[in-house]
Amino acid sequence: MSNPVSHLPSLRTVGLTAVAMLAFSANSILCRLALAHASIDPASFTLIRIASGAVTLWLILAVSGR
């Protein structure tokens with residue numbers, strides 16, 4: 001007989017999922033705010049986001065030694 005409690009997600013998993021959902025929500029809100037006043041066009045905004053994401057991933061890899 002298996003333990004039914006073992007199939008429940010751990011508190012860490014639930015917490016990390018909640019943090020990820022909050023980060024995606026904040027990202028959406030920040031993007032809307034950045035593009036709302038038309039101070040930057042969507043193509044430039046996207047290019048900046050892709051470049052900053054690439055730099056961030058490179059820094060993570062450099063720090064982790066991979």
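Is Leu30 buried or exposed? Leu30 is exposed, its relative accessible area being 55% (buried means under 20%, exposed over 50% and partly exposed in between, with a 1.4 Å probe and protein chains only). The model is predicted: local features need pLDDT of at least 70 and side-chain atom pairs pLDDT 80 or more, while totals for chains, interfaces and linings use all residues. Residues are numbered from 1 along each chain as its sequence is written, and side-chain values use heavy atoms, without hydrogens and water.

View 1. Leu30 belongs to helix α1 (residues 11-36); helices are DSSP runs of H or I with at least four residues, numbered from the N terminus.

**View 2. The crossing of α1 and α2.** The axes of α1 and helix α2 (residues 42-64) come within 11 Å and cross at roughly 140 degrees. α1 is therefore oblique to α2 (angles under 35 degrees count as roughly parallel, over 145 as roughly antiparallel, 65 to 115 as roughly perpendicular and the rest as oblique). The crossing of α1 past α2 is right-handed.

**View 3. Ser10 and Pro42.** Ser10 is located in the segment before α1 and is partly exposed, at 37% relative accessibility. A separation of 40 Å lies between the C-alpha atoms of Ser10 and Pro42, which are 32 residues apart along the chain.

**View 4. Ala62 and Phe24.** Ala62, in helix α2, is partly exposed at 48% relative accessibility. The C-alpha atoms of Ala62 and Phe24 are 25 Å apart.

Terms used
Helices (H or I, at least four residues) and strands (E, at least two) are DSSP runs, numbered from the N terminus. Axes are lines fitted to C-alpha atoms, for helices over the stretch in contact, and angles run from 0 to 180 degrees between N-to-C directions. A crossing is left-handed if the near helix is turned anticlockwise from the far one by less than a right angle, and right-handed if clockwise.
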